[in-house]
Each structure stands twice: as structure tokens, then as C-alpha cells.
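Dear colleague,

I am handing over the structure we spoke about, and below it I have set out what was found in it. Please keep the structure open beside the text as you read.

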Amino acid sequence: MRYPEVRRDGTVETVHGEAIPDPYRWLEDGDAAETRAFIEAQNAFAEPILAALPAREAFRERVAALLTAPTRGCPWERGGRVFAWHGGEQNQPVLVVADAVDELERGRVLLDPNALSADGTVAVNVASVSPDGALLAYGVSDGGSDWRTIRVRDVATGDDLADEIPWTKWNPPVWLPGGRAFSYWAYDAPTGDALTDEMGAGRLMRHEIGADPSTDAVLFARPDEPRLFARHWPRDDEWFVLSTDTGSSSGNDLAVRRHGDEAAALRQLVEGHEHEWSAIGIHGGRLFAVTDESAPRYRLAAFDLETGEQSTIVPEHEEDVLLDASLTERGLVLEYSHDASHRMQLASLEGELGDAVPLGDGVSITGSEASSGTGTVFASTSSFVDRGTRHVIVVDGARLVEHRALPAPGPAAPRAATHRIRTASSDGQQVPAFLVRPAGAAGDAPRPTLIWGYGGFNIPMNPAFRAVLAAWVEAGGVLVVPNLRGGGEFGSEWHKGGTKERKQQVFDDLFAIAEHLIATGVTTREQLALHGRSNGGLLAGAALTQRPELWAAVLPGVGVLDMLRYHRFTIGWAWASDYGDPDDAEAHAYLRAYSPLHNVRDGVAYPPTLITTGDHDDRVVPAHSFKFAAELQRAQAATGADAPVLLSVDTRAGHGMGKPKDAAALEFADQLAFAAHHTGLDVR
């Protein structure tokens, strides 16, 4: 391999007494001419190799068919109107409105993001309808950026109002009483590079419909604490509920005051940012919240809003994790994770358990919508091979009155069987994984296998549908999705067991699963590929540098790969809750020990590697992938290894949100074809 020449300079930074070479720091300037030339050279090098992969076109067709098959999002009701996102052949799904859920298939298109740009790269990533169903506040982002501009549309006419609010992030608009004002989270307009510069303090704002955004009132701001986030949550006609978190801790605080009394001080219900408090709604003068306080598998608590007294409504389950809860007119809807699959349970307002809702086995709840004013609940589920099923549920308190399943139209999902496997990790803890075999593959000889991993930020890896994974199974490959420490499958202790100084445990869990697959004959080292995105890209990068002999191919996507400087770009500092702060000497030591960029070694033959990123990614900036690819290519060339190390950069994409389907199909095709070629999967 004759890789593109990449300039190395003598940049060295002394951090906590250690000299850290950073010869590719110049690649952090994404707009520099030299960086643009680097991207062009890397793409020019990678494209002929990817184009020659035998299965590329077949996978592009398979993935495109899955991505463009009809999809139906979870409906929600406001003011007698029902709304839902409908997807299909277009790059972006469209928002449909009707008078009833059964009329959505012939409903009116209220918002078509595909009309916002010629190439489908402008996406709508948040949409919030006012309580009376009259107005839609929606956020528009360009090229995959996390930055969004909020606009407002009249639901009856479909026309946009004059309201337009730029430089907002994170929070969706949350409507205030009366439905003619909403809250949002805003920043000052960037003065430098909007894609990479660290952001200052944000503020929670109130926008009145028709008002000039420059006159919007500040609902909450702490300029002395620039790393504090706040959200108005949930909507209530009497009480304003404020949640704050720091980004450096996994916990949040809750405070309240009455609407219309903005001059009054907020009254703290909980403080210290030590535990999670997910407020779900107010009923009968009580604020209900899901929390891990004294309950690693979570419980449902309630605060008396007059006295602040807290009580437990639904205690911690002895085995399952309480993921979420919703209020209905006369009861509660509880969502649980049981061995990383989901189930739904009804309960009374006092916590007495009632009927279970039969959503199916081995599924994830991908959306749910309930209201404290009605007994109708909407939900959506999916699995590794089911693109989605909608559920219409009617309840009376804790009693199930009616349940209807509405499968999405379109072709049948790939046929496959899903099993659970378990093995002991380095510390003796049993770590489970989903193993998905294509139909007819049970009991076969070892087969090409793809591991899809994440392991972080309390995010669970459940049996949810992803086109890239379904296409692999449909082509005859085995899919493995492990439930690593750091994830949210088994409660807060499972999550914390893979954070900060314990992050290495996540990688050890992965290695244990991989070795188990080989030992039990599911696959061989020559047939085993690893794929992960974002924090999963870090997982792939660490696995590549720590155990290169274990993989036939590795595919880090939009990965966090420079663990010593991740906090210096955009929102990176908020990830200290999982990673630790590199400016702290103790954290620097353990981050340095596994940082993929800093653990590439000379004299090691690395497996075939395909690194992917988007040059508009303002969440995990592309410099992570640029620097890692340059260093890995240098080491691979110095060793004389033949296995390719490729960097493919999408020049009109960000972290992945809102990516056009045609671009996503090509990216996924490259990844799957690369994995298939190097694991021996014969795709016909």
C-alpha cells in the first residue's frame, strides 16, 4: 500500500508532565487548504479500493431497498389532530397530519423536509406541536450539523410564520401554557469555526409567537457555569419544571415555580447532580419522575409540589430496569427492559400494577406517546429484522381495554432467528449479547460475523432495526450485538461500571464476547469483523489497537479517537461524565492508556480497517478520524503490512443525523462490502 503522503510536524505538548507528540494537529483546522487537500487525497485513495469490492453494488441495492421501504413513526395527538412521521423513497421522512390515527395513511403532508434542499442534506431533527394542535415548531439543520434553526408553521394552512430562531441546539421546543410561546436552548452566534470551536454558556429562552427573537426573554441562564444545560420539562399549565445537568455528571437536578411568577425564585426539589430524575408529568399536584436514587434499576417517584415531599410510587423491580413511564388520564404506563428487550406494563396512579400490554417478544419500544388527559396510548416497536410496528392502546387506569398492532406497509423483513449468549468477562461478570442468525444458518460451520458495539453513555443496545445490520443478516452473515458495560441495559450500576477509570472494562467485555464466538464455533478470527459509531467508533479504535490479532476487519465510524483532546471541540467537554476530564491528572493517565490515537504501535500488522467520518460533523469533529487514519497508515506502511487502512470522508455529512438515504446507502454499502470481503462472506 502506497498511502497518501501526510505531513508530520514536531508539535509536542507537555500534559501533566508527559510530552505528548501531536504531529497531525494541523488537521484539526477543517477549513485549511492543507486539510481539504488531505481529505481529497484520502478519498481519491480509498474510492478505487472500495469500488472494486465485489459486494459493493449488491449491498448498495440491499441497503437502499431497506432504507426506502415505507416506515411509520409513532403517532401523537394534539388538539384533536394526529401526527406521525412517514418515511419511504425520499431522503427524509415527511410529517403527516390527520383527524384520526386510522386516517394517517391518507393524511395531509404538513412538513416535507425534502423540499428544503435539492440534495436532501437539510433535515428536520425536532418537531413539537402546540397543545391545541394549531402550531408546529420545528428545527432545521444543514449538512448533519447539530446547530438548528427553529421555525414555526400554521398547522391548518401549512404556511410558515415569520418566526425564525438561529443558533439553537439540543432541546426541542417545549410549549408553554396557552400554546403561543415555547422554550428553547440557545447560544451566541459563533465568532470562529462553528464546526469545531468549543461553545460558551447557553441559556433557556422563551419565544412568543410573532415576536422578534432578539427580544426573547431569558428563562434560565448561568453564565458563570458555561457547562450547565437546562430544559423546561415537562409541559404543564400551572407549574414550570426546570431540569439542569452539567455534562460532567450523569445526574440532574429538578426545580419548580408557578407559571407567571418568573420573578419568584425556583424551588429546588433535588440538587447536587448526583442522580437521574426524568420528570414525566404532573397529576393531582404531584410531579412524577423516574430516578435511580437508591434504585440502580430505577423507580418511579412523586413530589408533592406544595410541600416538596418525595414518595415512591413504583419501587425498583427485582430484575428489570424501569426505562420510562407516562401518565394517562387515570393511570400509568411503565416501560421496562427485561434482559435488554422491552415490555410495557400498566399501573394505577398509586403504583398498583395492572395489565401487561402484549407488544411481542424480543422487541424494542422505539416510541411511545401518552397524555394525562386521555386513555389512548400510541407506541412503536422494532427488532433486528422488523422495520417497525405501531400500536394503538386504550387503557382505563391499570386495565387494558384495547390493543391493535398496525405493521408498517412494504416488503417483509429478512428472516432470522435471534438468540441470547453469555460469557464471563475479565472480572468474572457475565456479559450477554444478541446473536442473530439468518434463516437456515443454525448449526452451520463458522460463518462471517459482524459485531456491532457501543458500550457507553447509558445507551442500551436493544433489538432495534438498523438497515446496515439487517442487510448483513439478509446477505447471510451472522450479527452479534453485545450488551457491554457502560450501556443502559441493566441499570445505572451497569452504566457506571464502564465509565471513567472503568472504561477499559467495556473493551474487556467486547474481547470476551469475541473470544466466546470463536471458542464456540460461531465464527473464526478470519471471519470476525467489528463495527461501531461515535462512542462505538472509540470501541472499535481501542479494540483495533489493543487486540489487532482478533479481527479480520475493523470499521470505526465517526469515532472519538483522540481521548486527550476530545474535550476541546464543540460539545466534547460534556462527555466527561463517561470519559473523565483530560485536564485532570488522574483521568489523563487512564485516558492515555487506551486512547486509540496514542496507542498505535510500530511493528504491529493491523487488520484491514475502514475509517469513516463526515467533514461537517460538529459533534465528534472529523479531526479524530483524520489524525487516527494518518497515524495508522504511517505505522502500517512502516511495518510493510498489506492490509489496507482506508479513510472515507463524506463531504456533505455530519454525525449522521438527517443524512440523505442515498448517501447513507453508499456509506453502509462500503462498510458491509469491506467487511464481507475480508471475512469471506459470499454475497450473491
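In strand β33, phenylalanine 434 is the bridge partner of arginine 420, and the charged end of arginine 420 sits over the ring of phenylalanine 434, 4.0 Å from its centre. Please bear in mind throughout that this is a predicted model. The two strands concerned, β32 and β33 (residues 430-438), pair in the antiparallel sense over nine bridges. They belong to an open sheet of eight strands with mixed pairing, in the order β32-β33-β35-β34-β36-β37-β38-β39. The edge strands of this sheet are β32 (416-424) and β39, each of which pairs on one side only, and the twist from one strand to the next averages 20 degrees.

Two helices meet this sheet. Helix α1 lies across β38 (609-614) and β39, and runs at about 115 degrees to β39. Helix α5 packs on the sheet as well, touching β32, β33, β34 (449-452), β35 (478-482) and β36 (528-533), with a direction that makes about 115 degrees with that of β32.

Helix α5 covers residues 504-519, and its 16 residues reach 22 Å from the first C-alpha to the last, close to the 22 Å expected at 1.5 Å a residue. Among its buried residues are Val506, Phe507, Leu510, Phe511, Ile513, Ala514 and Leu517, and the list also includes Asp509 and His516. After α5 comes glycine 521, whose phi is positive, near 80 degrees.

A second open sheet has four strands, in the order β24-β25-β26-β27, with antiparallel pairing. Its edges are formed by β24 (321-327) and β27 (353-357), each with a single partner strand, so one side of each is left without a neighbour in the sheet. Here the twist averages 30 degrees from one strand to the next. Within this sheet, β25 (residues 331-338) and β26 (residues 341-348) pair in the antiparallel sense over eight bridges, and leucine 334 stands opposite glutamine 345 in β26.

Turning to the aromatic residues, the count comes to 18 aromatic pairs. One of them joins tryptophan 26 and phenylalanine 38 edge-to-face, at 6.5 Å centre to centre and with 85 degrees between the planes. This pair links the loop between β2 (18-21) and α1 (33-51), where tryptophan 26 lies, with helix α1 itself, where phenylalanine 38 lies twelve residues away. Both tryptophan 26 and phenylalanine 38 are buried. Another edge-to-face pair is formed by tryptophan 175 and phenylalanine 182, at 5.3 Å centre to centre and with 75 degrees between the planes. Tryptophan 175 counts as buried because its relative accessibility is 2%, and phenylalanine 182 is likewise buried, with a relative accessible area of 0%. Elsewhere, ring pairs link Trp147, Trp167, Trp185, Tyr187, Phe229 and Trp573 into a cluster.

Finally, proline 660 is placed in the loop between β39 (645-650) and α10 (661-679), and it counts as buried because its relative accessibility is 5%. Leaving aside residues up to four places away in sequence, proline 660 touches Asn91, Gln92, Asp119, Gly120 and Thr121.

Methods. Residues are numbered from 1 along each chain as its sequence is written. This is a predicted model: local features need pLDDT of at least 70, side-chain atom pairs count only at pLDDT 80 or more; totals for chains, interfaces and linings use all residues. Side-chain values use heavy atoms; hydrogens and water are left out. The expected span of a helix is 1.5 Å times one less than its number of residues. Buried means under 20% relative accessible area, exposed over 50%, partly exposed in between (1.4 Å probe, protein chains only). Rings of Phe, Tyr and Trp (its six-membered ring) pair if their centres lie within 6.5 Å; planes under 30 degrees apart count as stacked, over 60 as edge-to-face and the rest as tilted. A charge sits over a ring if NZ of Lys or CZ of Arg is within 6 Å of the ring centre and within 35 degrees of the ring normal. Contact means heavy atoms within 4.5 Å. Two strands pair if DSSP finds at least two bridges between them. Axes are lines fitted to C-alpha atoms, for helices over the stretch in contact, and angles run from 0 to 180 degrees between N-to-C directions.
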